[in-house]
Amino acid sequence: MQLLELSAVDLVTAIRRGEVSAVQAAEAFLDRITKLDGSINAFLHVDRTAALARAADVDKRRREGKPLGPLAGLPVAVKDALCTSDQPTTCASKMLAGYRPPYDAHVVARLRQADAVLVGKTNMDEFAMGGSNENSAFGAVHNPWDLARAPGGSSGGSAACVAADMAPVAIGSDTGGSIRQPAGLCGITGLKPTYGRISRRGLVAFASSLDQIGPMARSAADCALVMETIAGHDPGDATSLADDVPRYTDLLEKPLTGLRIGRVPEHFGPGLDPEVAHGVEEAFAAFKAAGATIHDVELPHAKYGIATYYLVAPCEASSNLARYDGAHYGHRAESGSGHRSAAKAGGEFESPLVEMYCRSRAEGFGPEVKRRIMLGTYALSAGYYEAFYAKALRVRRLIRQDYLDAFAKVDLIGGPVSPTPAFPLGEKTSDPLAMYLVDMYTVGTNLAGIGGISFPCGFTKGGLPIGFQLQGPALSEPLLLRAADRYQQLTDWHSKRPPLPA
Amino acid sequence: MALSRQDVAKVGLLARLALSDADLDRMTGELSKIVGFVSQLEELDTAQAAPLAHPLDTQNVFRADEPKPSLTTEQALQSTPRHDGSCFLVPAVLGESGAA
């Protein structure tokens, strides 16, 4: 059990010193997965044999005195939205069931180069569309703090596996809050880096101007360690930033004296759970005690964030997901599947090819993915493009300008991650719009392309984690990680463990 | 803002999604509700705001126009539902016969 509770930083150090072997570490986490994941469902694929072989190779090279990468022997779980050439990549969709990518995502390749040990692929909302992980075609994930509740989404499997000690760190992706919200609901730390900080090559595309990969771990220091490996320029992603990658782990210790943190009064309006509000205010008080100053700031267009996001993201998704056509890879419908075209009078398709497209997509995609493809297709269609898509892009400009104005006055903006703690499975599945509102505090970060981090700041009386979010300007990851790390040096919320079997 | 069943059927064809009658009924209601919600953006004056399609101010990014390795045919076809070893096979584009 002790091995499972080591921080990633300490585990990597222990392996490098030979106090723990990489095989011991891999076995400990793989055994934990075997024991617990039947009740949590955080993993879609676990490759025990490959992980142990990889770990044995790390141990062998260490014994031979050969050079090892910075994450040598560290078990890492990867969201199933990232391509892995040696494991299936499904995006939790029937459309990609059994799909084997011909290449590794850039982030996966970097993890391998750093000698990390990939233990498996984590469950998620289908194509990363959802805030509860209930949209997975392979079953919902259960929150380790209360198995009857959702872990959040879309990176719900990544959050739950870290919270349940089934992996010390996991990789997630965040298009509107999909790293920060599940991290908040599962009591772990998750960083959504600045757009472009980490290459998206090999991340199955959802909304390309919003998607960003990031680390999820039990502490900010562990996120900083992983960032040093996965951040940086990649010629294979034209939107990846060329800026140098700082040594994040060396930049954590400076005190917060003089740090200006913004507080948005509207974040504390109706809809915010009182226990969450209390936990968040306590965190502001802790930052103040640590030397920061708190200032009210305005984000006047933040209330339009959800409406803007649910136009921009579905429009991009409808275009990105057009690639799933049954011809190149993924699910293909056999003829005579029982669907008929509702689009043309008489139920006829214009050609056998179009019929194959329409049926393959109808069978392969789940309800939320279809809804978003439909919404995006509608908002981009002739006669509606200006009123919906172009309008949303104009409001996106206003939302980004709000942040630029606020960051002229403060260094970071603090607040809740989500309006409630983890909600019961099934509570919001019949009301898509209610599910969309769980992203109300997180979508602005993605629309503006800036950075955000979420970490635990307390618990409800019922024992559910409460998350705190910090947002910072573009490339403020060193400050976001430092502020969260300083907070975690003063508090112990991040070291609480859910009530699971030892 | 209400969408008609016909609107939804047309979007279904544009999106290449075969929709059953039950799908059409459900989606007409759901999409009307969501479109009604996002229509709140109408109340904002955005005349002075240029559309922001992308958060970065980067311009076109070019690489040197040099040949480099890419996927082999075998790799490209490894997850293809129907192929003949060198091409993707699809049903007829024109006419009813020849579905692969």
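**Two chains, question by question**

Analyst: In this predicted model, helix α6(A) is followed by A:D165, a residue whose phi is positive, near 60 degrees.

User: How many of the residues of helix α6 of chain A are buried?

Analyst: Helix α6 of chain A covers residues 156-163, and a residue counts as buried if 20 or more other C-beta atoms lie within 10 Å of its own. The residues that pass this test include A:G156, A:S158, A:C161 and A:V162.

User: In what order do the strands of the open sheet in chain A lie?

Analyst: The sheet is open, has 11 strands and shows mixed pairing. At its edges stand β1 (43-46) and β8 (293-296) of chain A, each with a single partner strand, so one side of each is left without a neighbour in the sheet. From one strand to the next, the twist averages 30 degrees. The order in chain A is β1-β3-β2-β4-β6-β5-β10-β11-β9-β7-β8.

User: Which residue of β3(A) is the bridge partner of A:K79?

Analyst: Strand β2 (residues 75-79) and strand β3 (residues 117-122) of chain A run parallel and are joined by 5 bridges. Helix α3 (residues 22-40) of chain A packs on the sheet, where it touches β1, β2 and β3 of chain A, and its direction makes about 20 degrees with that of β3(A). Within β3(A), the bridge partner of A:K79 is A:T122.

User: What is the radius of gyration of chain A, and how does it compare with the globule rule?

Analyst: Chain A has 16 helices and 11 strands. For its 502 residues the globule rule gives 23 Å, and the value for the chain is close to this, so chain A is as compact as a globular protein of that length. Buried residues make up 63% of the chain, and its C-alpha atoms fill a box of roughly 70 × 55 × 45 Å along the principal axes. The radius of gyration of chain A is 22 Å.

User: Is chain B compact or spread out when set against the globule rule?

Analyst: Chain B has 3 helices and 0 strands, and its elements run α-α-α from the N terminus on. Its radius of gyration is 22 Å, whereas the globule rule gives 13 Å for 100 residues. Buried residues make up 19% of the chain, and among its contacts between residues at least 6 apart in sequence, 29% join residues at least 24 apart. Since the radius is well over the rule, chain B is more spread out than a compact globule.

User: Which element gives the largest share of the side of chain B that touches chain A?

Analyst: In the model, 52 residues of chain B are in contact with 57 residues of chain A. The elements that give two or more residues to this side of chain B are α1 (5-14), α2 (21-38) and α3 (73-77) of chain B. The residues on this side divide into 34 nonpolar, 10 polar and 8 charged. The largest share, 9 residues, comes from α2(B).

Conventions:
Residues are numbered from 1 along each chain as its sequence is written. Chains are lettered from A and ligands numbered from 1 in the order in which they are written. This is a predicted model: local features need pLDDT of at least 70, side-chain atom pairs count only at pLDDT 80 or more; totals for chains, interfaces and linings use all residues. Two residues are in contact if their C-beta atoms, placed from the backbone, lie within 7 Å. Helices (H or I, at least four residues) and strands (E, at least two) are DSSP runs, numbered from the N terminus. Ala, Val, Leu, Ile, Met, Phe, Trp, Tyr, Cys and Pro count as nonpolar, Asp, Glu, Lys and Arg as charged, and the others, Gly among them, as polar. A residue is buried if 20 or more other C-beta atoms lie within 10 Å of its own, exposed if 12 or fewer, and partly exposed in between; C-beta atoms are placed from the backbone. The radius of gyration is taken over C-alpha atoms; the globule rule is 2.2 Å times the number of residues to the power 0.38. Two strands pair if DSSP finds at least two bridges between them. Axes are lines fitted to C-alpha atoms, for helices over the stretch in contact, and angles run from 0 to 180 degrees between N-to-C directions.
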